[in-house]
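Q: I'm new to reading protein models, and I'd like to go through one with you. Could we take it feature by feature?

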Amino acid sequence: MGQLRNMGLKRCFFLLSALSLTTALLLMTATILLCTRIGKQYPHGGVSIESGGEFKRLPEPDPEQRRILLLLDVIQLFSVILFPAGGLGVAGILFYQLKLKRPIAVLKMGTERIRNQDLDFTIPETSTDELGQICAAFELMRAELLKTNRELWQQAEERKRLNAAFAHDLRNPITVLKGSIRLMKSGREDEHTLERMDRYVQRIEQYVEAMSSVQRLEQLNVRPCEIVGSTLQEELEETVRLLVPKLEIRLSIPDIGTIRMDHGIFLTVAENLIGNGARFAREKMEIRLALAGDLLCLTVADDGPGFPEGLVKRGPKPFGKMEENPEHFGMGLYTSGLLCLKHGGELRLENRPEGGAKAAAFFRVK
């Protein structure tokens, strides 16, 4: 039975039809032979020619015997029609029960749940035949839809958090500007009023630019190209020389050969992580590059105070500052996380046991 379930549809239908028809023909033959044998037990009338040429009249069947003989003839006639037709019908029923019923029920269930916008289910494996392959393809489609819906939901939630953080951080500059305008209207402004207004207007412009940069990142397309590992090493060394001129730097960059990845995304993340570590490092930083399978990992560690516990547990958030500095909005780690996700990886943050912070950016490469 298991072999029939995994057999191809055409082959299975042909085999079931052949078996059913063979069984039907055997039953039909047995029925005809049985009726013939029973009929021989009754007189049929007529005459017989003896060896001497004499005619001998055979006994005629009585009315009851005639009815029995007629019934036997009818049974033989209908067996010739009913048994082959019944065999094909049985083959169809068996084919439906073995090959069609479960896949159709599974696909119908899946269609109903998708129509009700419920994607949190799985399509069970039914068989390895054509319908089983359709069920497997349906499961892949469902999984992709679920993944896409979750990504859209995460993007919507992230956009809500981004808008909320943006509105929250704009509240103070706007309050200061409104207060300064009231002072100017009342003629009570001081000599620093215009300077303060100019500073907060610039701060609002920086906020708007930060928001625009995040939106541009969300619409960014990943464009992988072939990059030689030595090129990444040279660029990391140049980035360190420009961003971290006064710290002790330990670089660990093995020969990773040639890989395919988005060069610009890698450099942006590297600059963000190195720049962020440089602001908090006391004396030294460690930068490592490693390739494991299809994942390229860039690790930046420093000997500073480490990440806040909330940042490690919940991940970087937009405008999530680790220090009260109006020049920095805490967007570096957040945008780096977005870029890693776009490149099929992720950003992991942790505090080292010996002290300091460690950020690991993963990129899926080819």
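Q: Which kind of link do the side chains of Glu286 and Arg352 meet in?

A: Keep in mind that this is a predicted model. Here's the general idea: side chains of opposite charge can pair when their charged atoms come close. In this case the side chains of Glu286 and Arg352 form a salt bridge, at 3.8 Å from N to O.

Q: Which parts of the chain does that pair tie together?

A: Look at where each partner sits. Glu286 belongs to strand S6 and Arg352 to the loop between S8 and S9, so the pair connects parts that are 66 residues apart in sequence.

Q: Are Glu286 and Arg352 buried or exposed?

A: Under 20% relative accessible area counts as buried. Glu286 has 17%, so Glu286 is buried, and Arg352 is buried too, with 14%. Arg352 also meets Glu354 in a salt bridge at 3.5 Å, and Glu354 counts as exposed, at 59%. Salt bridges link Arg250, Glu286, Arg288, Arg352 and Glu354 in a network.

Q: How many residues apart are Arg142 and Glu139 in helix H4?

A: They're three residues apart, which puts about one helical turn between them. Arg142 and Glu139 form a salt bridge, with their closest N and O atoms 2.7 Å apart. Arg142 is buried at 5% relative accessibility, and Glu139 is buried at 18%. As for the total, the structure holds 13 salt bridges.

Q: What about Asp303, which is buried yet has no salt bridge: how far away is the nearest side chain of opposite charge?

A: That side chain is Arg282, 5.8 Å away. For a salt bridge you need the nitrogen within 4 Å of the carboxyl oxygen. Now check the backbone: a polar atom of the Asp303 side chain lies 2.8 Å from the backbone nitrogen of Arg282, and the side chain also reaches the backbone nitrogen of Lys284 at 3.3 Å. You'll find Asp303 in the loop between S7 and helix H8. Among the residues it touches are Gly355 and Gly356.

Q: How many residues does the largest nonpolar core have?

A: The general idea first: in soluble globular proteins, nonpolar side chains tend to be buried together. Here the largest nonpolar core has 35 residues, and Leu232, Phe266 and Leu296 are among those with the most contacts inside it. Helix H6, strand S7 and helix H9 are among the elements that each supply at least two residues. The largest share, six residues, comes from H7. A second, separate core has nine residues, including Leu9 and Leu98.

Key. Residues numbered from 1 in each chain as written. Predicted model: local features only at pLDDT ≥ 70, side-chain atom pairs only at ≥ 80, totals over all residues. Heavy atoms only, no water. Core = buried A, V, L, I, M, F, W, Y, C linked by side-chain atoms within 4.5 Å. Buried < 20%, exposed > 50% of the residue type's maximum accessible area, 1.4 Å probe, protein only. Helix = DSSP H or I, 4+ residues; strand = E, 2+ residues; numbered from the N terminus. Lys, Arg positive; Asp, Glu negative; His and termini not counted. Polar contact = N/O pair within 3.5 Å; in protein donor to acceptor, adjacent residues only side chain to side chain. Contact = heavy atoms within 4.5 Å. Lists of a residue's contacts leave out its neighbours within four places in sequence.
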